[in-house]
Amino acid sequence: MAVMKAIRKTVSGPGLELCEVKVPKIQKDQVLIKIEVAAICGTDLHIYNWDKWSAARIKPAVTVGHEFAGRIVKLGEDVTHLEEGMLVTAEGHIICGQCYYCRTGQGHICDDVKIIGVDINGIFAEYAAIDAENVWVLPDDSDPALGAIHDPLGNAVHAANVHKLTGQNVIITGCGPIGLFCIALAKQAGARRIFASDINDYRLEIARKLGADYAINAQTEDLCKVVKEVTKIGADVLLEMSGSHQAFVNALKALRKGAKASLLGIFSEHVSLDLDAAIFNQLTLCGINGRRMFDTWYEMQAALESLEIQPVITHKFKFEEYEKAMALMNSGQCGKVLLVP
Ligand SMILES: [Zn+2]
Ligand SMILES: [Zn+2]
């Protein structure tokens, strides 16, 4: 029986383990993928650190990771629309196909979603068995590193495309990889001005490279004040990617009446909002979950033809160095971090 390396959560507690496991067997409707590049998501870091969410959700032992690019090496017998050798990535949410949301074209908010690398074995491994339905074919000559970041880029595309950005003053709070992608997308869409905020100078530097007109360190500068000074009436759109109570509340104050916001950052604490202000200012607050299947993926494919996001990818480690990669992620001195088998 062929074996492979895989990075797994083997016990309920902090840390991960590099293991040798069997190469997975594929079902009729799956393909076997040889992983070329994986990327570490905030979710993987939560699982590594074993926070409250992970402790409640993860049932060890499970192989983690869901962001990847790789080549198909074997097809299940029912798979007819894919071929061996194709460079692919995949939507990480496995949907039930039966619930109200799935049946009305809203599978991204499926009632019974299973997530690759969370609820079922993931892709921090040399090989992964993936449902053919979830596979997304990449252009054959594309950079596998860019292929590996489709999941978070899709989050950004979903959040950014809900509102018109062309000609608008756009605030992006939080310059982690998804916030950084949002900056590039706002730039590409022809936003009038882009105000990005974070408390991490390393990431603010990348924000500038990607086209933020104002990269604001919220510890030393007041985003609301800067936005009001420049725009007079306030910004038109907010893309909230930080999950920071303080950043969100301050950014809301920097919006003009009738402004629109996409909310994607997860708040670890309870947020208290001045809802009367939202009502009288006629704000639209839109929650964003996952990627629309597969509308967002086609939008992403189109965006990638001219999107400049290479600066977001800052580090690359071997599987054996996963501890180093996780420590770097915890330090925040990085953009997107890749792992290669
Ligand atoms: Zn992810
Ligand atoms: Zn469903």
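Predicted model: local features only at pLDDT ≥ 70, side-chain atom pairs only at ≥ 80, totals over all residues.
Two strands are said to pair if DSSP finds at least two bridges between them. By that criterion, strand E15, residues 255-263, and strand E16 are paired in the parallel sense over 4 bridges. Helices (H or I, at least four residues) and strands (E, at least two) are DSSP runs, numbered from the N terminus.

Residues are numbered from 1 along each chain as its sequence is written, and chains are lettered from A and ligands numbered from 1 in the order in which they are written.

Let me stay with the sheet that contains E15 and E16. This open sheet has 6 strands in the order E13-E12-E11-E14-E15-E16, with parallel pairing. Strand E13 (214-217) and strand E16 (284-287) each have a single partner strand and stand at the edges, so one side of each is left without a neighbour in the sheet. On average, and with direction ignored, neighbouring strands here are turned by 15° against each other. Such angles run from 0 to 180 degrees between N-to-C directions, and the axes are lines fitted to C-alpha atoms, for helices over the stretch in contact. Contact here requires that the C-beta atoms of two residues, placed from the backbone, lie within 7 Å.

The other sheet that I wish to show is an open one of 3 strands, ordered E2-E1-E4, with antiparallel pairing. Its edges are strand E2 (17-22) and strand E4 (62-63); each has a single partner strand, so one side of each is left without a neighbour in the sheet. Strand E1, residues 3-9, pairs with E4 in the antiparallel sense over 2 bridges. Arg8 is the residue that stands opposite Thr63 in E4.

I turn now to the helices. How do H6 and H7 lie relative to each other? The axes of helix H6 (residues 177-189) and helix H7 (residues 201-210) come within 9 Å and cross at roughly 15°. The two are therefore roughly parallel to each other. For reference, angles under 35 degrees count as roughly parallel, over 145 as roughly antiparallel, 65 to 115 as roughly perpendicular and the rest as oblique. H6 passes H7 in a right-handed crossing. A crossing is right-handed if the near helix is turned clockwise from the far one by less than a right angle, and left-handed if anticlockwise. On the H6 side the contact is made by Leu180, Ile183, Ala184 and Lys187, and on the H7 side by Ile206, Ala207 and Leu210. By class, this contact has 6 nonpolar, no polar and 1 charged residues. Ala, Val, Leu, Ile, Met, Phe, Trp, Tyr, Cys and Pro count as nonpolar, Asp, Glu, Lys and Arg as charged, and the others, Gly among them, as polar.

H6 also meets helix H5. Their axes come within 8 Å and cross at roughly 50°, and H5 and H6 are therefore oblique to each other. H5 passes H6 in a right-handed crossing. Residues in the contact include Leu153 and Val157 of H5, and Phe181 and Leu185 of H6. The classes in the contact of H5 with H6 are 12 nonpolar, 1 polar and no charged residues.

H5, residues 150-160, has a further partner in helix H11, residues 295-304; they pack at an angle of about 100°, with their axes 9 Å apart. H5 and H11 are therefore roughly perpendicular to each other. Among the contacting residues are His150 and His158 of H5, with Trp297 and Glu299 of H11. Here the classes are 5 nonpolar, 4 polar and 1 charged residues.

Finally, some backbone details. Most residues other than glycine have a negative phi, and most peptide bonds are trans. The peptide bond from Pro60 to Ala61 is cis, with omega near 0°, and Ala61 is placed in the loop between helix H2 (52-57) and E4. The bond from Met293 to Phe294 is also cis, with omega near -5°; Phe294 is found in the loop between E16 and H11. Trp50 has a positive phi, near 60°, and belongs to the loop between helix H1 (42-49) and H2.
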